[in-house]
Amino acid sequence: MGLFEETAVKAKDAFDAVAKKTNEVISIQKLKINAARVESQISKDYEALGRMFFDENADNEELGEAYKTLIDGIKDSKEELESINSQIDEQKKTIKCPNCGAKNPDVSKYCSECGEKL
Ligand SMILES: [Zn+2]
């Protein structure tokens, strides 16, 4: 083999090595995406299982301490969420200005748009 052929063969080997590496990287990324998809499915199934268990055992007095602690935690969080949501509803309450139709918080005495007494 002459010098030119040798160089060409070396260049091809180098190219093949890079191409192989690139394919490896791509297939690792694909595998990671696949792994993330499966992990996400597992989490969803765990959550569904947990909800099912909660619904069936929310008032079960014979459960072990660890279950009771988690169930009570969920009950507390649900109460907290309800309270937060009702505060949001409270904040959202508006009255419509009789003059210009602008929405004002129901605690406002005057319209923020036109100054009409509400
Ligand atoms: Zn107004």
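Mentor: We'll take the metal site, then a pocket, then a ring pair. Keep in mind that this is a predicted model.

Trainee: OK, which residues are the protein donors of the zinc ion?
Mentor: Cys 97, Cys 100, Cys 111 and Cys 114. Each gives its SG atom, lying 2.3 Å from the zinc ion.

Trainee: How are those donor residues spaced in sequence?
Mentor: The spacing is C-x2-C-x10-C-x2-C.

Trainee: And what's the arrangement of the 4 donor atoms around the zinc ion?
Mentor: Tetrahedral, because the angles they subtend run from 105 to 116°. To count as tetrahedral, four donors need all angles between 85 and 135 degrees. For tetrahedral donors the ideal is 109.5 degrees.

Trainee: Where is Cys 97 found?
Mentor: In the loop between β1 (94-96) and β2 (103-105).

Trainee: Is Cys 97 buried or exposed?
Mentor: Buried, because its relative accessibility is 4%. The cut-off for buried is under 20%. Cys 111 is also buried, at 5%.

Trainee: What about Cys 114?
Mentor: Cys 114 is partly exposed, because its relative accessible area is 35%.

Trainee: How far apart are Cys 97 and Ser 112?
Mentor: In sequence, 15 residues. In space, 9.0 Å from C-alpha to C-alpha.

Trainee: New topic. What volume does the largest pocket have?
Mentor: About 300 Å³. Two elements give two or more residues each to its lining: α1 (3-57) and α2 (65-92).

Trainee: Which one gives the largest share of the lining?
Mentor: α1, with 7 residues.

Trainee: Can you name some of the lining residues? What kinds are they?
Mentor: Among them are Glu 47, Arg 51, Phe 53, Tyr 67 and Lys 78. The lining divides into 7 nonpolar, 1 polar and 4 charged residues.

Trainee: Now the rings. How many aromatic pairs are there?
Mentor: The count is 1. Phe 53 and Tyr 67 form that pair, with 5.1 Å from centre to centre. Their planes are 35° apart, and the pair is tilted.

Trainee: What does the pair tie together?
Mentor: Parts that are 14 residues apart in sequence, because Phe 53 lies in helix α1 and Tyr 67 in helix α2. Both residues also line the largest pocket.

Trainee: How accessible are the two?
Mentor: Phe 53 is partly exposed, because its relative accessibility is 30%. Tyr 67 is partly exposed too, at 46%.

How values were computed:
Residues numbered from 1 in each chain as written. Predicted model: local features only at pLDDT ≥ 70, side-chain atom pairs only at ≥ 80, totals over all residues. Heavy atoms only, no water. Donors = N, O, S within 2.8 Å, 3.2 Å for Na, K, Ca; no water. Tetrahedral: all angles 85-135°; square planar, octahedral: opposite > 155°, others 65-115°. Buried < 20%, exposed > 50% of the residue type's maximum accessible area, 1.4 Å probe, protein only. 1 Å grid on protein atoms, 1.4 Å probe; cavity = no way out; pocket = protein on both sides within 12 Å on 5 of 7 lines; lining within 4 Å. Points joined across faces, edges and corners; volume = space filled by probe spheres on them. Helix = DSSP H or I, 4+ residues; strand = E, 2+ residues; numbered from the N terminus. Nonpolar A, V, L, I, M, F, W, Y, C, P; charged D, E, K, R; others polar. Phe/Tyr/Trp six-rings, centres within 6.5 Å; stacked < 30°, edge-to-face > 60°.
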